[in-house]
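Subject: Two-chain model, with notes

Dear colleague,

Here is the structure that I promised to hand over, and my notes on it follow below. Please read them with the model open beside you.

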Number of protein chains: 2
Amino acid sequence: MTKINKDYLKLPGSYLFSMIGKKVNEYAAANPDKKIIRLGIGDVTQPLPAKVISQLHEAVDEMAVKETFKGYAPDLGYEFLRTAIAENDYRARGCDISPDEIFVSDGAKCDSGNIQEIFATDNRIAVCDPVYPVYVDSNVMAGRAGDYIEDKGCFSNVIYMPCTAETGFAPEIPSEVPDIIYLCFPNNPTGATVTRSELQKWVDYANEKEAVIIYDAAYEAYIRQEDVPHSIYECAGADTCAIELHSFSKNAGFTGVRLGYTVIPKKLVREGVSLHSLWARRHSTKYNGAPYIVQRAGAAVYSEEGKAQVKALVDYYMENATYILNGLKKAGYTVSGGVNAPYIWLKTPDNMTSWEFFDHLLTKVNVVGTPGSGFGPHGEGYFRLTAFGSHENTVEAIDRIVSM
Amino acid sequence: MTKINKDYLKLPGSYLFSMIGKKVNEYAAANPDKKIIRLGIGDVTQPLPAKVISQLHEAVDEMAVKETFKGYAPDLGYEFLRTAIAENDYRARGCDISPDEIFVSDGAKCDSGNIQEIFATDNRIAVCDPVYPVYVDSNVMAGRAGDYIEDKGCFSNVIYMPCTAETGFAPEIPSEVPDIIYLCFPNNPTGATVTRSELQKWVDYANEKEAVIIYDAAYEAYIRQEDVPHSIYECAGADTCAIELHSFSKNAGFTGVRLGYTVIPKKLVREGVSLHSLWARRHSTKYNGAPYIVQRAGAAVYSEEGKAQVKALVDYYMENATYILNGLKKAGYTVSGGVNAPYIWLKTPDNMTSWEFFDHLLTKVNVVGTPGSGFGPHGEGYFRLTAFGSHENTVEAIDRIVSM
């Protein structure tokens, strides 16, 4: 008789963004006359850069001709893309990462969910609280998180690192020693960052404890301040303790195109085994590569035209971030983030819970945000707004909120 | 201290096709003047159908304009694609599968590797022997396969169902009762099929034992004979015991485009839990959808033009299959498959092992095939050739082999 994976049943409710989608769809169906503005899920709204479009067309044409048709991609991804990544995202920043330490994938969400597979079940993970839910959820599904403690809204075997107003929404090194540490800077959902010297402390700590840091750099394109690192490999010794995840979703607008990559330095060894070799095995056994046309689109991002167009796109969203940040501040909200990140993190007014404020915004002014409690227990009483809307919608949403 | 997943270390050697790639690349590097013909990995060689190309271009153009730009896809996949699948692959065949029982993905390889996650670790799996290596390998990685028994070339906790010349390369119901049964028809690598009434026995058995069948239908487009089912849901009661995996790789040539889907009927329940809900949770938590442009390409496959073009593509490869089958037969080889499948399964001559014959073919006539032993212990002494080459290459390869 088939037995199911009962760890799945420990997950409370639906995946956060599925739940938000459901609530919004129900409200929209009951109120077809309302114009709902979505600043909830971190989905982009602006079209793909022109250079990406032209490269997609070129690649599609190649697939139409026998001589240039491409079947299965190489295991790690096409070399033209991995070389461009190594050159632009790493070597240009002084990080010694080579193309064969890069694994091209269909996005950072899959990689951040799947990466835990290469580790034993009895590792203890540490996560920022609040944080992007996939890190905890994927570990729950793998039986690594213990049991859900209803009244605390957390899992018994996970080390939560509170990121609160008092700490500038940055985590502090926990008193219990974790085996795997998830860090995400610029942070989703708080928009917080750490400086290079602060991140160096985490790298040193991980090396000392022989822990592994899984560093999610999905939002690095939004970094504006000089002392905020774009990659964990800017820290000395990170190549013996850190895996880094990257996305093309938020810089080049690939949420619906699907492309990302994961870096595992060959020097990263635990229990005498190369983590690169383990991930390579997973990649070749359970994955079959990102589409050729999409990898070509990714390479376009690193061309001169592509870089300029991506910069313009990021600037566009950062204008929204500034508008949200200033608008809410002026209206008396307590806000943070939005400087090196496309996310604005605000304290809910009048002691409303995160979901109460969600319902309040949805029903009063038809604006969708994300309840902070969906990102962890210390997200309760907070709310995330994204800068990924259009200018017009963002302005209208903030104007609606401040005049509530 | 981080502990690695030691189940990964139980996997012998590399993933089969990575190993073949390595051997071929080494030979090619040492013999740059030789023209190597690859009939090894099941990768297609002909360009995408014209209707797929035109839909890809249209979809790319939509991504260039704000009004038609698409971000994250719906969790299960776009409705236009799921509706086309339900209508054409199921309802047209009398199978009562609805669009919301279909999960669109980036291919059957990922799904066949990931599907085991929704089951407990202490399930016992049964596989055809020989068979596509992902089923066993992904279960090894999850700790479900026991230990590798070197001299037998098999895992201690896996039920192998020998598919031999004596059984027409079809499996027989095993004496030990499995919890999860992997079936793949038309079979990779043997090209064998079962009739509808034979498959009905497996469905009845699974329902009786409350087991689950994972049915890989990746090659269904190659079925020519009337009494061979295209879907397991053609059998009564399959909706309470079977999950079905589909690919666009081998019908429409999407090996480098990446699209597939998995069907989990809502009636399929084990231990009181809907497997559909478990897979939906995995899909939303650890996956982010196939690219919009690729889903549009998939929908093109179901258009009238698309259907005709896909049929022509399949016919093209089946001409190759016939040429290989007849050519090898005439030369005295013992061959099977190739009638309802793009794979030809041959007995190695002169008692050579599978890898000996691999080396023999590669070095003597520069033809690449796949060693049968890579698909399981009962594949030893056999060899797989694929019909996915060009006509010219296929003819040349067979002519080289028969004149060896």
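How many residues of domain 1 of chain A are in contact with how many residues of domain 2 of chain A? The contact joins 38 residues of domain 1 of chain A to 44 residues of domain 2 of chain A, where two residues are in contact if their C-beta atoms, placed from the backbone, lie within 7 Å.

Before going further, please note that this is a predicted model, in which local features need pLDDT of at least 70 and side-chain atom pairs count only at pLDDT 80 or more, while totals for chains, interfaces and linings use all residues. Residues are numbered from 1 along each chain as its sequence is written, and chains are lettered from A and ligands numbered from 1 in the order in which they are written.

The two domains of chain A

Domain 1 of chain A covers 7-47 + 305-402 and domain 2 covers 53-303, with bounds that come from an automatic or database domain assignment. Their C-alpha centres lie 24 Å apart. On the side of domain 1 of chain A that touches domain 2 of chain A, the elements giving two or more residues are α9 (304-330), β13 (335-337) and β14 (343-347) of chain A; helices (H or I, at least four residues) and strands (E, at least two) are DSSP runs, numbered from the N terminus. The largest share of that side, seven residues, comes from α9(A).

The elements β13(A) and β14(A) also belong to an open, antiparallel sheet of four strands in the order β13-β14-β17-β16 of chain A, two strands being paired if DSSP finds at least two bridges between them. Because β13 and β16 (370-371) of chain A stand at the edges with a single partner strand each, one side of each is left without a neighbour in the sheet. Three bridges join β13(A) to β14(A), and Gly337(A) stands opposite Ile344(A) in β14(A). Helix α9(A) packs on this sheet, touching β13, β14 and β17 (382-386) of chain A, and its direction makes about 15 degrees with that of β14(A) (axes are lines fitted to C-alpha atoms, for helices over the stretch in contact, and angles run from 0 to 180 degrees between N-to-C directions).

The two chains

Between the chains, 70 residues of chain B are in contact with 71 residues of chain A. At least two residues each are supplied to the side of chain B that touches chain A by α2, α4 (108-114), α5 (134-141), α7 (275-286) and α8 of chain B.

Within chain B, helix α2 (residues 50-63) and helix α8 (residues 292-300) pack at an angle of about 150 degrees, with their axes 8 Å apart. Among the residues making this contact are Leu56(B) and Val60(B) of α2(B) and Ile293(B) and Ala297(B) of α8(B).

With best wishes
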